[in-house]
Structures are given as structure tokens and as C-alpha cells.
Amino acid sequence: MKELVISGNEAIAYGAIRAGCCFFAGYPITPSSEVAEELSLKLPEVGGRFIQMEDEIASLAAVIGASITGKKAMTATSGPGFSLMQEHIGFAAMGEIPCVIVNVQRGGPSTGLPTHPSQGDVMQARWGTHGDHEIIALSPSSSQECYTLIIEAFNLSEEYRTPVIFLTDEVIAHLREKLVLPDSKSINVVTRKKPDVPPENYKPFDTSFGKVPPLADFGSGYKFHITGLTHDETGFPTDDSKKTAVLLKRLQDKIIDNRDKIVRTDNFMLDDAELTIIAYGAVARAAKEAVLAARERGIKLGLFRLITIWPFADKEIAEISKRMKAIIIAEMNMGQLRTTVESAVKGRCNVLTVGRADGEIVTPSNILEKVKEVGIVH
Amino acid sequence: MYTEIAKSYLRKEKFPSVWCPGCGHGLILASILRAIHKKGWKKEETVMVSGIGCAGRIPGYVDFCTLHTTHGRALAFATGIKFARPELNVIAVMGDGDAAAIGGNHLIHAARRNINITAIVFNNFIYGMTGGQKSPTTPRGFFSSTSPYGNAEPPFDLCNMVKGAGAVFVARGTEYHLPALDTIIYKALSKNGFSFVDVIVMCPTSFGRKNKLSSDATQNMEWIKSISIPKKKAEGLSQEELQGKIVIGIFADSLRSEFVEYYEREILKEGKCPKNTKSD
């Protein structure tokens, strides 16, 4: 068993290569640059390709281009670059091209706080590109999870032919800690379904093979058309309202129908809890400390950690809310997930937010102060 | 035979096209297809990428691996395709607004990088699909739906720009001078490195009507003919004499190490990433 002391950003690069990533295109931006730096070093060693593009728009375009030739491909950025990438997150969603977009969140809006952490992009990840579409977004809480979860990110993008957003933050990105490299048998690597019909019968959006149609590679003998325009099963544009409705519904269904397989969560001392913190990313670590401190004082506090941010763990939160006096959401923003949690809780218990958007992590004492407030409420 | 060759590369069931009567896009497309035929490129090993606009619709009509992307980004997608799978033949077709305005940054960087892609701009001085707004190549004083008093801005000379950025093959042709265009595009496809062709083409519907050339195709073509000067002849003329003229010919044809070949030779090592083969 190999152990390393490694930052989250480096762990993402290592995990990506383990997942079969053979192509990276990106543009330098703090605090994500180590992902690009590490891959510029490591990708050529495994026969992979690294390119630094002229901006983030071009970076995701090149990633999508590479993916259409059958390569697992990724980019990494932070808030300002993530804003620029929205155009092609939409293209990848519409063209159903697998790709992984790492967003190491920093303070915003605009240039904001380049070297400080944030979780201010959770709603941009969900709704940043125009039009209706589902998205998958995952959030790691440790170097270990950066490694294992980025593999999951690739797997989900390949399985569902969709862009997957890896929402990490500056704390997790730069925190150096132990990574135990899992033995290869314990790692599952998924590769997209390829067509087995002859090229002349191939349709890139053929739903007779299910809601996630097989995707051929450019250069593998199959000729086909991909467009960002609304299209039918053949891939060619249409503005027929019935066909449009069918396409948009399928883009939604292929994720929502499989939400139980996509949604990953974690519990800490939740079984007997009367109060729950909902947290993700770096804040989940502070929340764990808060749980332990509260328990010492006899308060039955638990932690529900989101690993998948989108699709949202609404069913799970609804279930928990039935036995809680209150739910406290702790996140490095001004309460972005609150309405989403409230719509899952449906008034069954109080929902409070501990939010910070000042470039500092939410601390255990920030959370414990909020716990005290709940004590007063009840 | 001249048109039959081109026809054999079309997705005929996708016609009629979206293009207006008198539009020259079909003529340029046929020239590209003849050049591809002469190169002997297999359809399934040829990729055509486009952005948005009237030229953006071209890939939908041709029987290759085709990718219709976002406005201005054709070359960024094409770069990903070529770098990931260099054995494919990659062509990017763009409009003038597409390539020179929103996609200008991608154009100069593709030229600088010298990646083996052929970029062809369908330069009709106008945003045709959105209804005839001025573009970065609209000549000064000319009319469009957003320059109702005449265009106040000077235009780009795309060939100068792309040559300056380092492209190894740079040329300009027109829809009027088709045999010459066939030769130019064939040379561009043959070049190992970033090759660029600026093709002057008319949009009678928007540019022609607004600029007293009428919507008549032949009248528009006659105008192109009247203002075109071969490069050799232009070399003896002053800037004043060249005012309002279009210089056609080959402006760069040089040698420089190609990006993907350099990467594969100097940087890439053997590894687990699958190597591509044509039968893969």
C-alpha cells in the first residue's frame, strides 16, 4: 500500500490519470493551477496530452473536441474561469459529450479573493449555463477524496454522457495530508458505451439503446454530426416542438432517473442526533469538529455531508428532517443552498444557515454559536 | 464532373440549404470538396468543424465527421480534436464575424501554435444569419443594419493578421476566381501546419442590397471581380492605389515545426493512454 502526503489539487491530477484521463486543456488561475502543473508533468509520462489554451472558453472547447475522439478529458479552473466555461458546459450538456470540469472555488463575485476559499459557485454549477438541463456536481472534503471522487467524476461523465463539475475549494486544494493509494482492484473505472451497429445505421442520439445513447469516436469509422442546436436522434438540427420536448426531457431524465445511483452522502454521529449540520467540502471538516465539541457538552449534534451537490440529496434530507429539531447549513457563501434545503425539509424542522463569504472558512465555533441559537429557539 | 465530385461528398437529404439565393457559400464549399477529393482523404478520417452563422451550417451538409460548435470557437474545438487524434484531417470553416470578432483570439493562437489545421473564412463583410450587421471586415463607409450612416471603423486585413501570428500558409481567394481558389485550398490542405484561407464571398441579401449592388448575384460577383487585384500586380501599387481593392493570392508559404509533431517527438512518452490507429 502506497502512502503519500499530498495536496488536494495534486490528488485530483493523480486520480484523473488513474481514471484514464489522457487529455487536459486549461488556463492558469489561482487556486487551481497545481492541477494543470501536475498534469503537464505527469500526462506525457502515460502517453497523455497537455495543452495550455488561450483562455478558459478555448480550454473546455479543446476538452470537448478531444472527448469526441474518444479520449477522457478534463479541465481545471476557478470562479472567473468557471464563468467563461459556462458556454461550453452547455454545449457538452446539449451534445452529450463526457468531460470533467474541476472548479477550485475562491471568493467572488468577479476577481474577488483569488487566494481565499469560497463555496460561492454551487448555484452557478447548477444554473450557470443558459437553458434547462441537469448537471452532476461533486464536492470532496480531503486529499483522499479528491483522488477517489475525481475517478467517480470521470465514471459518471462516461456513464451518463454528461459534463461533471468537480466543486472543490481553496482549503481542500492546498491542504497537504495523507493519501493512501487504493489498490487497483478496489477502483472501478467506467468507459462510455460505444456503438455496435454498423456505421451506416449509427445515430448519435439513438434512444432505442436507452436514455444514454452510445457515443462513437470521431476517427473510428463512424461519420456523424454533433451540434449545439436542438437536434433529433440523428444529431441534425430541428426546431420541431415535439422533438425538442423529447430531447429536453431525456436530458433531464437520464440524470434524475438515476439520482439514487449518483447521489453520494456521508453521515457522522447522525443516528441519535436531534440537530444536524449539512456541510460539504472543507466546511464539513469544521462541522465534524463542531459535532465532537457539542457532544462533549451533551448536545446531540450530527453531520450530514453532501458529496454529490447536484442532483441534490433532497429525499435523504427530507427523511432526516423528520427526526430533527433543526438543520443548520454551514457553507462558505451567504446561504446559497438554503432554499434548496428548505424545499426538501418542507417545514418539518427549522432551517438555519451559518454562512461566511469573507474569504475565511466557517469555523467549528461559528457553527457552535449557531447551535446555541437553536437551543434558545427551543 | 466539376460539380459531380463535390456532390459525392454531400449529405444530399439535408438540402435545400439555409442559404439565400445568390449566396456564394455553396461555390466555396464545392471548391473545398474538390480539394479534399484531390487529396484523397477518406470521409471517415476527415473532420469539419464550424462555429455559428451561415458558414457555421456547412458541416451539416457534408458527409464527414462534423461538429457545429459555438460562436467563434471552431478552432478551439478543432485544436482538441487534432491534438487528441492527429491522424485525422481537420478543417475549420468560419464566417468573418465568427473568426475575426468573437473568435479572433482563437484564430491568432491557432496560427501561433502552428497546429496542422486548415482554417477557411467565408468572408462576406457581414453578419448574414442575424440580419446583416457590420463585422470586423466591413469596409469603412459601407452600410449594414448596424451602420446605417456608413461604417465608422476600418476593417481587418485577415491575411496580414494571421501571417503576423505565424501561420505557415496564408492566402486569399474569391468566389469569382474559382479555379484559382481550388488551387489555393488544395495547397492549404497539403500544408503541414496552420494554413489559412480568406475567401471573399458575397451576401447579396444583406451586404449587396445595403450597398447598392442589389440582391442580384451576378452584379455582386461583378463587383468582386472589379475590385480584385492579384498579389503580383498589387506589389507595384501604392497604398492609395490599393484603397478599396482586394488583393488575392498567396501571402505566406513557409516551413515551421508543427505543434503536435513537436509534442509527440520531444515531450510525449510511451504510456497507458491508447495510441490511435486509423483502424481503431
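The C-alpha centres of domain 1 and domain 3 of chain A lie 26 Å apart. This is a predicted model: local features need pLDDT of at least 70, side-chain atom pairs count only at pLDDT 80 or more, and totals for chains, interfaces and linings use all residues. Residues are numbered from 1 along each chain as its sequence is written, while chains are lettered from A and ligands numbered from 1 in the order in which they are written.

**Domains of chain A**

The domain bounds come from an automatic or database domain assignment.

| Domain of chain A | Residues |
|---|---|
| domain 1 | 2-186 |
| domain 2 | 199-259 |
| domain 3 | 267-377 |

Domain 1 of chain A has 24 residues in contact with 21 residues of domain 3 of chain A. Contact requires C-beta atoms, placed from the backbone, within 7 Å. On the side of domain 1 of chain A that touches domain 3 of chain A, α5(A) gives the largest share, four residues. By class, this side of domain 1 of chain A has 13 nonpolar, eight polar and three charged residues. Ala, Val, Leu, Ile, Met, Phe, Trp, Tyr, Cys and Pro count as nonpolar, Asp, Glu, Lys and Arg as charged, and the others, Gly among them, as polar.

**A sheet in chain A**

Chain A has an open sheet of five strands, ordered β11-β13-β12-β15-β16, with mixed pairing. Helices (H or I, at least four residues) and strands (E, at least two) are DSSP runs, numbered from the N terminus. Strands pair if DSSP finds at least two bridges between them. The edges are β11 (265-268) and β16 (350-355) of chain A, each pairing on one side only. Neighbouring strands of this sheet are turned by 20° against each other on average, direction ignored. Axes are lines fitted to C-alpha atoms, for helices over the stretch in contact, and angles run from 0 to 180 degrees between N-to-C directions.

Strands β12 (275-279) and β15 (326-331) of chain A run parallel, joined by four bridges. A:I278 has A:I329 in β15(A) as its bridge partner. Helix α12 (338-345) of chain A lies across β12, β15 and β16 of chain A, at about 160° to β16(A).

**Where chain B meets chain A**

Here 41 residues of chain B are in contact with 41 residues of chain A. On the chain B side, α3(B) supplies the largest share, eight residues. The residues of this side of chain B divide into 16 nonpolar, 12 polar and 13 charged. Strand β10 (225-227) of chain A pairs with β2(B) in the parallel sense over three bridges. A:I226 stands opposite B:L67 in β2(B).

Terms used
Contact = placed C-beta atoms within 7 Å.
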